[in-house]
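This briefing concerns the structure shown below. Please keep the sequence and the model in view while reading the points that follow.

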Amino acid sequence: MTPQAFQKATGCSDQALERLNIYAALVAKWQKAINLVAPNTLPQLWERHFLDSAQLLPLAPESTTRWLDLGSGGGFPGLVIAALGVDGGVETVHLVESDQRKATFLREAARAMGLGSHVTVHMKRIEAVEPAALHAAMGGAPQVISARALASLKDLIPLAQRLAGPDTVYLFPKGRQAGDELTEARRYWTIQALDLLPSQTEAQARIVRMRGLEAA
């Protein structure tokens, strides 16, 4: 996929595309020292990582201004959401990444993309993030929490739910085992609203969208 094909698929602005071009160049540069993406996926960066991340944005509530991304790694989906979402009202994106080198990359990429005032990187383990302090820094509870390729739903939900507000929407891209993960998670959690949505980038993959999580 070319940058132009990505723009056609997402309808993003020229400014957003320029931010992502800067991001793509930085990923290629830093990948030599840090494993930001699986090496065999680097040639498919625009589809496998950028489009795979961007498809989450239309699934969020239209009024979303505060977004939290857990285990951000090389910035997927969090930095892509910031690059695109700033044009549509997403004012602040907070990224949680415990690896020091990856957190440094995220800060540098956000700065180079002109998103320094919109992106905050927390270099710590997710379990160490204090909910009250996070909400204060964000200006309220996150309206969306995302996580990509981080953990099974059974393990991911408790990490995310403690940082959420009562109306937070959870967006978790999953592989072909999404249904099995949901079945297991429902042994421990009740889910008020649930959608299992198709992925634009992989036929067997699904995006889990949830709201209203409570311990069963």
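**Salt bridges**

There are seven salt bridges in the structure. The model is a predicted one, and the values below were computed from its atoms.

- Arginine 125 and glutamate 127 form a salt bridge in which the closest N and O atoms are 3.2 Å apart. Arginine 125 is exposed, because its relative accessible area of 53% is over the 50% cut-off. Glutamate 127, at 45% relative accessibility, counts as partly exposed.
- Another salt bridge joins the side chains of lysine 154 and aspartate 155, with an N to O distance of 3.2 Å. Lysine 154 is partly exposed at 27% relative accessibility, and aspartate 155 is also partly exposed, with a relative accessible area of 40%.
- A salt bridge with an N to O distance of 3.1 Å links the side chains of lysine 174 and glutamate 181. Where do these two residues lie, buried or exposed? Both lysine 174 and glutamate 181 are buried.

**Nonpolar core**

- The largest nonpolar core holds 44 residues, and those touching the most other members are Phe6, Leu20, Tyr23, Phe50 and Trp67.
- Two or more residues of this core come from each of α2 (14–30), α3, α4, β2 (92–96), α5 (100–112), β3 (119–122) and β5.
- Which element gives the most to this core? It is α2, with seven residues.

**Helix α4**

- Eight of the eight residues of α4 are buried, so this helix is largely enclosed by the rest of the structure.
- The buried residues of α4 are Gly78, Leu79, Val80, Ile81, Ala82, Ala83, Leu84 and Gly85.

**Largest pocket**

- The volume of the largest pocket is about 590 Å³.
- Its lining consists of 27 residues, and those nearest the centre of the pocket are His49, Asp52, Phe76, Arg148 and Ala149.
- At least two lining residues of the largest pocket come from each of α3 (45–54), β5 (169–174) and β7 (206–215). The largest share, three residues, is supplied by α3.

**Second largest pocket**

- The second largest pocket has a volume of about 350 Å³.
- It is lined by 22 residues, with Thr10, Ala54, Leu57, Pro58 and Leu84 closest to its centre. Of these, Leu84 is one of the buried residues of α4.

**Local backbone features**

- Phenylalanine 76 and proline 77 are joined by a cis peptide bond, with omega about 5°. Proline 77 sits in the loop between β1 (66–70) and α4, and Phe76 is among the residues nearest the centre of the largest pocket.
- Alanine 149 has a positive phi of about 55°, although this residue is not a glycine. The loop between β4 (144–147) and α7 (153–161) contains alanine 149.
- Is alanine 149 buried or exposed? Alanine 149 is exposed, with a relative accessible area of 78%. Ala149 is also one of the residues nearest the centre of the largest pocket.

**Start of the chain**

- Threonine 2 belongs to the segment before α1. With a relative accessible area of 41%, threonine 2 is partly exposed.
- The side chain of threonine 2 reaches the backbone nitrogen of alanine 5 at 3.0 Å.
- Threonine 2 and alanine 28 are 26 residues apart along the chain, and their C-alpha atoms are separated by 15 Å.

Terms used
Residues are numbered from 1 along each chain as its sequence is written. This is a predicted model: local features need pLDDT of at least 70, side-chain atom pairs count only at pLDDT 80 or more; totals for chains, interfaces and linings use all residues. Side-chain values use heavy atoms; hydrogens and water are left out. A salt bridge is a side-chain nitrogen of Lys or Arg within 4 Å of a carboxyl oxygen of Asp or Glu. Buried means under 20% relative accessible area, exposed over 50%, partly exposed in between (1.4 Å probe, protein chains only). On a 1 Å grid over the protein atoms alone, a cavity is a set of points where a 1.4 Å probe fits but cannot get out, and a pocket is an open set with protein on both sides within 12 Å along at least five of seven lines; lining residues have an atom within 4 Å of a point. Grid points are joined across faces, edges and corners, and a volume is the space filled by probe spheres set on the points. Helices (H or I, at least four residues) and strands (E, at least two) are DSSP runs, numbered from the N terminus. A polar contact is a pair of N or O atoms within 3.5 Å; within protein, one must be able to donate a hydrogen and the other to accept it, and residues adjacent in sequence count only if both atoms are side-chain atoms. A nonpolar core is a set of buried Ala, Val, Leu, Ile, Met, Phe, Trp, Tyr and Cys residues joined through side-chain atoms within 4.5 Å.
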